[in-house]
Amino acid sequence: MARKCAICGKGVVVGMKISHSHIRTKKTWAPNLQRVKAIVNGSPRRIMVCTRCLRSGKVQRAI
């Protein structure tokens with residue numbers, strides 16, 4: 001399963017971790033994704049959604 005939000009498309013970001021001695025190593029930052037049951041096209045489905053979309057109300061939760 002891809003580490004990408006189904007609503008906004010937020011995904012993994014890559015960059016460099018820089019130590020005190022300025023040694024650079026590759027690092028990834030992953031979004032905070034939650035597996036929720038939501039209404040998608042009129043039917044309930046399990047989707048991966050970031051917490052920003054959940055908090056802002058962009059997802060209609062299924063019960």
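**View 1. Secondary structure elements of the predicted model.** The structure is a predicted model. The protein contains four strands and one helix. Read from the N terminus, the order of the elements is β-β-β-β-α. The protein is more spread out than a compact globule, because its radius of gyration is 16 Å, well over the 11 Å that the globule rule gives for 63 residues.

**View 2. Overall extent and burial of the protein.** Along the principal axes, the C-alpha atoms occupy a box of roughly 55 × 20 × 15 Å. Buried residues make up 17% of the 63 residues of the protein.

**View 3. Helix H1 and Arg52.** Helix H1 covers residues 51-56, and Arg52 is part of this helix. The relative accessible area of Arg52 is 51%. Arg52 therefore counts as exposed, since the cut-off for that class is over 50%.

**View 4. Ala62 in the segment after H1.** Ala62 is located in the segment that follows helix H1. Its relative accessibility is 16%, so Ala62 counts as buried, the limit for burial being under 20%. The C-alpha atoms of Ala62 and Val36 are 8.5 Å apart in space, while the two residues are separated by 26 residues in sequence.

Key
Residues numbered from 1 in each chain as written. Predicted model: local features only at pLDDT ≥ 70, side-chain atom pairs only at ≥ 80, totals over all residues. Heavy atoms only, no water. Helix = DSSP H or I, 4+ residues; strand = E, 2+ residues; numbered from the N terminus. Buried < 20%, exposed > 50% of the residue type's maximum accessible area, 1.4 Å probe, protein only. Rg over C-alpha atoms; globule rule 2.2 N^0.38 Å.
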